[in-house]
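Hello,

Here is the structure I promised to pass on to you. Please open it alongside this email, and read on below for what turned up in it.

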Amino acid sequence: MPGPQVLVASDLDRTLIYSAAALALTMPDAHAPRLLTVEVHESKPLSYMTETASRLLAELGDAAVFVPTTTRTRKQYQRINLPGPEPTYAICANGGHLLVDGVTDVAWYERVTARLADECASLAEVRDHLAATTDPAWVRKHRVAEDLFVYLVVERELLPEEWVKDLAVWAENRGWTVSLQGRKLYAVPKPLTKSAAMREVARRTGAELTLAAGDSLLDADLLLAVDRAWRPGHGELADAGWVGPAVSALPERGVLAGERILREFLRAVKEG
């Protein structure tokens with residue numbers, strides 16, 4: 001893409017798009033925003049954004065290089081139908097897959113997997129540990145994502161807090177990170193980062209200004225890697241009071257936070 005570029009790398013779930021459980025519609029029903037369905041799974045609506053946010057995202061897609069940046073697998077990402085122009089680049093599997101026009105960049109994937117083999121414990125070791133230490137009373141599903149990382153679907157109210165803390169320490173000593181997001185607990189190799197993939201897209205596009213947003217621990221490296229970033233008033237980072245030098249903590253929670261984040265992106269693009 002010729003000329004100076006602004007790159008916007010944004011997390012999706014609970015940042016720009018929201019499940020019904022995460023909408024946080026605390027206003028009176030008559031004042032609730034109109035919603036647009038942006039994801040359907042098994043013939044049922046699954047994720048939403050406000051109609052206003054959808055217009056803002058379409059405007060952003062015309063004004064900047066918008067890069068959806070998600071921990072979702074490629075298959076899960078491809079269920080999402082975002083407003084605006086189709087993004088040229090998308091980052092899936094927490095940086096493990098860089099999609100270019102919807103197709104995996106094989107050379108990038110090979111670079112990532114080589115780093116994982118060199119720098120952290122194997123996926124098999126982590127899977128075995130989870131299998132040995134979890135209890136079916138509070139784990140509904142064990143999942144492997146793209147042969148890169150693992151996550152559990154848990155009963156959050158039954159999940160032992162001490163077990164999560166112990167797992168985080170065990171994983172840290174083996175080069176992995178643990179992140180608890182809603183009913184999903186992720187174990188992700190530390191070298192598998194959204195920020196590394198974002199920097200690759202910035203290099204390819206010649207971006208002179210980089211912006212980002214995200215709500216979870218797995219977004220922290222991305223928010224620290226860009227020129228300006230935002231986090232909503234909900235999620236792991238908000239719960240921990242996490243901030244960074246160029247990270248703005250927004251008060252909005254739920255689907256209205258997605259709308260505010262898009263306004264901030266557009267304002268920064270215009271100023272940039």
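**A hairpin to start with**

Let's begin with two strands: β10 (residues 176–181) and β11 (residues 184–189) pair in the antiparallel sense, over 6 bridges. Please keep in mind that this is a predicted model. Within the pair, Leu180 stands opposite Leu185 in β11. The two strands form a hairpin with 2 residues between them, and Gly182 in the turn has a positive phi of about 65 degrees.

**The protein as a whole**

Stepping back, you will find 9 helices and 14 strands in the protein. Its C-alpha atoms fill a box of roughly 50 × 50 × 40 Å along the principal axes. The radius of gyration is 18 Å, which agrees with the value near 19 Å that a compact globule of 272 residues would have. Buried residues make up 53% of the 272. Of the contacts between residues at least 6 apart in sequence, 58% join residues at least 24 apart.

**The parallel sheet and the helix across it**

Next, look for an open sheet of 5 strands with parallel pairing, in the order β4-β1-β12-β13-β14. β4 (65–68) and β14 (247–249) stand at the edges with a single partner strand each, so one side of each is left without a neighbour in the sheet. On average, neighbouring strands of this sheet are turned by 20 degrees against each other, direction ignored. Strand β1 (residues 5–10) pairs with β4 in the parallel sense over 4 bridges, and Val8 stands opposite Phe66 in β4.

Helix α9 (residues 255–271) lies across β1, β12 (207–213) and β13 (228–231), and runs at about 165 degrees to β12. This helix has 17 residues and reaches 25 Å from its first C-alpha to its last, close to the 24 Å expected at 1.5 Å a residue. Its buried residues include Val255, Ile261, Leu262, Phe265, Leu266 and Val269, along with Glu259 and Glu264. Among the elements that cover the buried residues of α9 are β2 (35–41), β3 (44–50) and α1 (51–63), as well as β1, β12 and β13.

The largest nonpolar core has 55 residues, of which Leu7, Phe149, Leu159, Trp163, Trp176, Leu185 and Met198 touch the most other members. Strand β9 (residues 149–154) gives the most to this core, with 6 residues. Apart from it lies another core, of 30 residues, among them Val8, Leu16, Leu57 and Leu209. Going back to Trp176, its contacts beyond four places in sequence include Cys120, Leu123, Val126, Phe149, Ala187 and Pro189.

**Two buried loop residues**

Are the loop residues Gly214 and Thr70 buried or exposed? Gly214, in the loop between β12 and α7 (220–225), has 0% relative accessibility and therefore counts as buried. Beyond its neighbours within four places in sequence, Gly214 is in contact with residues including Asp11, Thr15, Trp230, Arg231 and Leu237. The C-alpha atoms of Gly214 and Gly233 are separated by 11 Å, with the two residues 19 apart along the chain.

Thr70 sits in the loop between β4 and α2 (74–77). At 1% relative accessibility, Thr70 counts as buried. Not counting residues up to four places away in sequence, Thr70 touches, among others, Asp11, Asp13, Tyr77, Asn94 and Lys194.

Enjoy looking around!

Best wishes

How values were computed:
Residues numbered from 1 in each chain as written. Predicted model: local features only at pLDDT ≥ 70, side-chain atom pairs only at ≥ 80, totals over all residues. Heavy atoms only, no water. Pairing = 2+ DSSP bridges. Axes fitted to C-alpha atoms, helices over the stretch in contact; angles between N-to-C directions. Contact = heavy atoms within 4.5 Å. Expected span 1.5 Å × (residues − 1). Buried < 20%, exposed > 50% of the residue type's maximum accessible area, 1.4 Å probe, protein only. Core = buried A, V, L, I, M, F, W, Y, C linked by side-chain atoms within 4.5 Å. Rg over C-alpha atoms; globule rule 2.2 N^0.38 Å.
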